[in-house]
Amino acid sequence: MLFPVLLSGWIEIPDGGQMLNGRGFGKAFVTSQTENHAPVVKILQPLQQATFTWNALVPFDIRVSDAEDGESKYQEIQSSEVLVKLKYAKNSAMAAAFLKQKIFPDTAGVAGMLVSNCFNCHAVKTKLAGPSFQDISRRYPFTDKNVDLLTAHIQKGSTGIWGKEVMPTHPELAEPEVRKMVKWILRYTDDPGLNFFVGLQGTLPLNKTEMYRHGGYFIVTALYTDHGTADDPEKKITGSDQVILRVK
Ligand code: HEC
């Protein structure tokens, strides 16, 4: 699909819902077990190429439809398992470059966080019961030692480092899975032009910061990873959709 962007050129927008996680897709073909169908994710709101002013609070509404998991319109999809990525690009060339990137490589760690309870207490840029992931990534540079330390704190629980609130233990999570979560937090949450939200519905704040004096674009990506099939819950496939917004 080609969409005109300003007068300066065209941005190619991949057909989101059809992009499949290569691994899951390949497996679905070679196995004799029941095939897992890819979830179809659709961003109903905001509309493709809508224009907003800086600091607008833009409502989002996402529909997920998965042959095995069900339909979001019948409340069969967990809202807490839908990830919405909001990426700022200051010009159409940067937006186009971002749209060409693969959508999935950075989702390994966050996928586990979506099915666990992390986002009940943490948001990426704002403090909830727990500190924001951005504050955590600023306090702990990405080193092996810090990955070990934070992995242990998540597994064993923690209190007193950030305040009086308590993070409960997570004995149900295997260490390699928690390490992936920590790496995702330390790698992706401190970028001022990148934010993440969770839910089928919510609000995207198009926050203006010092860096962005001019207009630009926000690319909204919605992702849902399914639960495989009854035969093989590990045979997961991620579906996605993308819209590009203009801000001025
Ligand atoms: C019930 C609320 C709650 C849940 C659920 C929760 N956290 Fe926390 N988290 C907190 C609080 C509160 C702190 C601060 C603890 C402290 O001050 O020592 C924290 C701290 C952290 C830290 C920083 C630890 C440190 O040593 O500074 C990381 C990383 C973290 N959480 C990740 C996660 C991940 C990943 C999950 C999901 C597996 C998760 N949290 C689930 C409340 C929660």
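**Loop residues between β6 and β7**

Gln 75 is found in the loop between β6 and β7; strands (E, at least two residues) and helices (H or I, at least four) are DSSP runs numbered from the N terminus. The model is predicted: local features need pLDDT of at least 70, side-chain atom pairs count only at pLDDT 80 or more, and totals for chains, interfaces and linings use all residues. Residues are numbered from 1 along each chain as its sequence is written.

Phi of Gln 75 is near 60 degrees, a positive value in a residue other than glycine. Gln 75 counts as exposed because it has 10 C-beta neighbours inside 10 Å. Lys 73 has its place in the loop between β6 (70-71) and β7 (82-89). Lys 73 also counts as exposed, with 11 C-beta neighbours inside 10 Å. The C-alpha atoms of Lys 73 and Arg 63 are separated by 7.1 Å, the two residues being 10 apart along the chain.

**The loop between β3 and β4**

Most residues other than glycine have a negative phi, and most peptide bonds are trans. Gln 45 and Pro 46 are joined by a cis peptide bond, with omega about -5 degrees. Pro 46 lies in the loop between β3 (40-45) and β4 (51-52). Gln 49 lies in the loop between β3 and β4, and its phi is near 70 degrees, a positive value in a residue other than glycine. With 15 other C-beta atoms within 10 Å, Gln 49 is partly exposed.

**Overall composition**

The chain has 7 helices and 13 strands. Of its 248 residues, 33% are buried. Among contacts in the chain with a separation of 6 or more, 70% are between residues 24 or more positions apart; two residues are in contact if their C-beta atoms, placed from the backbone, lie within 7 Å.

Two packed helices are described by the angle between their axes and the distance between the axes. Axes are lines fitted to C-alpha atoms, for helices over the stretch in contact, and angles run from 0 to 180 degrees between N-to-C directions. Angles under 35 degrees count as roughly parallel, over 145 as roughly antiparallel, 65 to 115 as roughly perpendicular and the rest as oblique. A crossing is left-handed if the near helix is turned anticlockwise from the far one by less than a right angle, and right-handed if clockwise.

The axes of α6 and α7 come within 9 Å and cross at roughly 120 degrees; α6 and α7 are therefore oblique to each other. α6 passes α7 in a right-handed crossing. The axes of α3 (residues 108-115) and α7 come within 7 Å and cross at roughly 110 degrees, which makes α3 roughly perpendicular to α7. The crossing of α3 and α7 is left-handed.

**Ligand shell**

Among the 28 residues around the ligand, Cys 118, Cys 121, Gly 130, Ile 161 and Met 167 come nearest; a residue is near a molecule or strand if its C-beta atom, placed from the backbone, lies within 6 Å of it. Elements giving two or more residues to this shell include α6 (144-156) and α7 (175-188).

Key. A residue is buried if 20 or more other C-beta atoms lie within 10 Å of its own, exposed if 12 or fewer, and partly exposed in between; C-beta atoms are placed from the backbone.
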